[in-house]
Amino acid sequence: MSNKIQTLGEFIIENQDSFQFSSGELSRLINSIRLAAKVVNHEVNKAGLVDILGAAGDTNIQGEDQQKLDVYANEKFIQTLTKRNIVCGIASEEEDSFISINSQDENHQNKYVVLIDPLDGSSNIDVNVSVGTIFSIYRRVTPVGTPVQLKDFLQKGSEQVAAGYVVYGTSTMLVYTTGHGVNGFTLNPAIGTFYLSHPKMEFPEDGTMYSVNEGNYLDFPLGIKKYIKYCQEEEGDRPYTSRYIGSLVSDFHRNMIKGGIYMYPKGSRNPDGKLRLLYECNPMAFIAEQANGKSSDGYIRTMDVEPTELHQRVPFVCGSKNMVNKVEEFMRKYGE
Ligand code: AHG
Ligand code: MN
Ligand code: MN
């Protein structure tokens with residue numbers, strides 16, 4: 001690693017040539033996400049002031065309606081990507097259907113679609129705990145210059161060209177991959193610049209932390225129950241400990257740095273799991289694999305799951321390779 005301090009802007013420009021079909025479009029797209037992330041970060045940091053400045057649903061001093069942060073984040077990301085005319089379509093966890101951009105303009109040549117979870121971990125907002133944004137980028141499969149179609153979004157995770165997340169934590173970080181490893185950038189809030197702080201991030205092969213909502217334990221498949229018991233048993237010298245923030249981005253981020261596994265299995269309340277394949281699981285799976293980790297639904301690779309609908313949910317097991325392998329071994333042995 002060189003000692004040179006590098007900003008995210010510089011990094012994007014310097015790495016532009018490594019993109020397979022480089023035309024600058026993907027660079028501009030990631031730049032827009034960087035911009036929207038800064039705007040959302042500013043708002044997230046003010047969340048604690050809502051009680052004194054006005055709650056969601058109230059009207060603020062300028063006569064504007066106060067919004068819930070997930071609605072705000074959704075609007076900001078969509079606005080930034082739409083107004084800068086950078087993508088041909090957006091699908092968001094917060095929208096019922098996908099959005100087609102410039103569908104009336106035959107000259108528009110944009111070839112990327114973006115899928116986002118604008119605010120992940122939203123139940124943590126009111127209690128000053130980290131939240132995040134997740135994004136996933138694909139090349140459209142229908143011809144440029146035509147309106148996007150559902151099939152542009154229903155692509156397997158293995159087709160992603162880039163994916164990343166922003167974690168609004170003790171520091172705000174943007175972490176992303178374009179298929180050449182994973183790099184993390186920390187925001188200096190004083191000047192609004194992201195700096196490369198975590199080059200070439202990798203999951204340790206073995207981890208010590210397991211992250212799962214154990215409140216749902218009775219509901220879990222037998223393979224997962226057995227795995228949790230395996231982590232808890234005293235016998236031998238097992239190093240495992242439990243950490244669960246309840247915000248996928250934050251739990252994943254910690255596990256990638258320290259070594260661990262995140263699980264959201266199926267249960268009777270969530271027969272297909274809770275997390276969304278396109279907005280949450282695939283982008284995190286792409287980052288995990290690019291960081292020497294692994295992601296699966298307990299049996300098969302997350303990025304090989306064939307999507308059938310926009311808001312599809314899947315069971316999700318993701319993190320340090322040896323831990324995910326162990327879960328798969330338990331699932332094969334004990335099943336549901
Ligand atoms: P979102 O806020 O985008 O709806 O996502 C919440 C997700 C994920 O971030 C988190 O890990 C999980 O839901 C927590 O679910 P439980 O409260 O059921 O544990
Ligand atoms: Mn989410
Ligand atoms: Mn969300």
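Trainee: How do the residues of the shell around ligand 1 divide into nonpolar, polar and charged?
Mentor: Keep in mind that this is a predicted model. The shell around ligand 1 has six nonpolar, five polar and five charged residues.

Trainee: And which of the 16 residues around ligand 1 come nearest?
Mentor: Those are Asp-120, Asn-213, Tyr-244, Tyr-262 and Tyr-264.

Trainee: Which strand gives the largest share of that shell around ligand 1?
Mentor: Strand 3, with three residues. Strand 11 and strand 3 each contribute at least two residues to the shell.

Trainee: Which polar atoms sit by the oxygen atoms of ligand 1?
Mentor: A polar side-chain atom of Asp-117 is 3.1 Å from an oxygen atom of ligand 1. For Leu-119, a backbone N or O atom lies 3.3 Å from a ligand 1 oxygen. Gly-121 has a polar backbone atom 2.8 Å from an oxygen atom of ligand 1.

Trainee: How much of the accessible area of ligand 1 does the protein cover?
Mentor: On its own, ligand 1 has 470 Å² of accessible area, and the protein covers 81% of that.

Trainee: Switching to the metals. What are the protein donors of the manganese ion (ligand 2)?
Mentor: Asp-117 (OD), Asp-120 (OD) and Glu-280 (OE), at 1.8 to 2.2 Å from the ion. Their spacing in sequence is D-x2-D-x159-E.

Trainee: Where in the chain are Asp-117 and Glu-280?
Mentor: Asp-117 belongs to strand 3 (residues 112-120), and Glu-280 to helix 8 (residues 277-290). They are 163 residues apart, so the pair links distant parts of the chain.

Trainee: Buried or exposed, those two, Asp-117 and Glu-280?
Mentor: Both Asp-117 and Glu-280 are buried.

Trainee: What about the manganese ion (ligand 3), which protein donors does it have?
Mentor: Glu-93 (OE), Asp-117 (OD) and Leu-119 (O), lying 2.3 Å from the ion. In sequence these donor residues follow the spacing E-x23-D-x1-L.

Trainee: Asp-117 again. What does Asp-117 bridge?
Mentor: Asp-117 bridges the manganese ion (ligand 3) and the manganese ion (ligand 2), and the two ions lie 3.8 Å apart.

Trainee: Where is Glu-93, and where is Leu-119?
Mentor: Glu-93 is in the loop between strand 1 (89-92) and strand 2 (99-100), whereas Leu-119 is in strand 3. The two residues are 26 residues apart.

Trainee: Why does Glu-93 count as buried?
Mentor: Because its relative accessibility is 19%, and buried means under 20%. Leu-119 is buried as well, with a relative accessible area of 2%.

Trainee: New topic, rings. How many aromatic pairs does a search of the whole structure find?
Mentor: The search finds 14 aromatic pairs. One of them is Tyr-176 with Phe-185, which is stacked at 5.9 Å centre to centre, with 25 degrees between the planes. Tyr-176 and Phe-185 are both buried.

Trainee: And how are the rings of Tyr-262 and Phe-316 arranged?
Mentor: That pair is tilted, with 55 degrees between the planes and 6.2 Å centre to centre. Tyr-262 is in strand 11 (residues 260-264) and Phe-316 in strand 13 (residues 316-320), 54 residues apart. Both Tyr-262 and Phe-316 are buried.

Trainee: Last one: which residues form one aromatic cluster?
Mentor: Tyr-227, Tyr-230, Tyr-240, Phe-330 and Tyr-334.

Technical notes: Residues numbered from 1 in each chain as written. Chains lettered and ligands numbered in written order. Predicted model: local features only at pLDDT ≥ 70, side-chain atom pairs only at ≥ 80, totals over all residues. Heavy atoms only, no water. Donors = N, O, S within 2.8 Å, 3.2 Å for Na, K, Ca; no water. Helix = DSSP H or I, 4+ residues; strand = E, 2+ residues; numbered from the N terminus. Buried < 20%, exposed > 50% of the residue type's maximum accessible area, 1.4 Å probe, protein only. Phe/Tyr/Trp six-rings, centres within 6.5 Å; stacked < 30°, edge-to-face > 60°. Near = heavy atom within 4 Å. Polar contact = N/O pair within 3.5 Å; in protein donor to acceptor, adjacent residues only side chain to side chain. Areas by Shrake-Rupley, 256 points an atom, 1.4 Å probe, with all protein chains shown as cover. Nonpolar A, V, L, I, M, F, W, Y, C, P; charged D, E, K, R; others polar.
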